[in-house]
Amino acid sequence: MKTICEPNEIKWDIAFLKTVNVKFFILCTISFFIFISTSLSQNLPQEMWHPGYIVLDSEDTLQGKVQYDFESNLVQFTVDKTVKTFTSQNILFFSFHCQYFKRVRSVYSIPYELKGRVKTPVFFEILEEGKITLMTREYVTIENNNRFGNPMYRTRGGFGSREILTYDYFLLTDDGKIHKFSEKKKDLLLFFGRFESDMKDYIKDRRLKVDRQGDLVTIMKYYNGLVSSR
């Protein structure tokens, strides 16, 4: 006995069209979020290759493309399809044109006691050099709260979390000591000595924030210029 399947007649009424519109809207919404997720999933700077050069502790200079990692204090170098890996103990400094931020960045290997360990060479990026040198170390943190439009992060595993670039800041004083900066204005002002009042007014008048990298560079650049002019 044959079983015959006869499709029901399709009724093109208002209820049906509403159902179709809802399904279409849901499909478009899902497609939109997939597109946004893909567009935000760009490589972070430490995952990219940047044109630059490395100066080894032997003072030999290598030119090619570099990929860095502040957390592990490693640099990969490639030229002519050959890849080599160097640690902060093998390198004096390296410089590269960052393909992420579109600017030149310079990184030095400087002895420092990191996380309670004995002093070993670690990487510091130089942001402003002078009487007090502003340095930073870059790393990635995972956050659950997602905000769109921030170029410093990418989505991770969907929309539940994100990878965001984070920075620790350090002040290298002229006595050779490295001080980790708390990102609090009152702590920063203590480093300015007799220029503390001038710097306090400068920061206030220009509404600068000491926990913003661009503003912090501006502050330290002004201070170093102030010191050199007196």
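Predicted model: local features only at pLDDT ≥ 70, side-chain atom pairs only at ≥ 80, totals over all residues.
Reader: What does the secondary structure of the protein come to?
Author: The protein has 4 helices and 11 strands. Strand E8, which covers residues 133-143, contains Thr-133.

Reader: Why does Thr-133 count as buried?
Author: The relative accessibility of Thr-133 is 7%. Buried means under 20%, and Thr-133 is therefore called buried. Across the 230 residues of the protein, 36% count as buried.

Reader: What makes the pair formed by the side chain of Thr-133 and the backbone nitrogen of Gly-130 a polar contact?
Author: A polar atom of the Thr-133 side chain lies 3.4 Å from the backbone nitrogen of Gly-130.

Reader: Which residues are in contact with Thr-133, leaving aside its neighbours within four places in sequence?
Author: They are Ile-126, Glu-128, Phe-170, Leu-171 and Leu-172. In each case, contact means heavy atoms within 4.5 Å. For the protein, among contacts with a separation of 6 or more, 49% are between residues 24 or more positions apart.

Reader: Why does Arg-206 count as partly exposed?
Author: Arg-206 has a relative accessibility of 48%. Arg-206 is placed in the loop between helix H3 (196-205) and helix H4 (213-229).

Reader: How far apart in space are Arg-206 and Ile-219?
Author: Their C-alpha atoms are 9.9 Å apart, with a sequence separation of 13 residues.

Definitions and conventions
Residues numbered from 1 in each chain as written. Heavy atoms only, no water. Helix = DSSP H or I, 4+ residues; strand = E, 2+ residues; numbered from the N terminus. Buried < 20%, exposed > 50% of the residue type's maximum accessible area, 1.4 Å probe, protein only. Polar contact = N/O pair within 3.5 Å; in protein donor to acceptor, adjacent residues only side chain to side chain.
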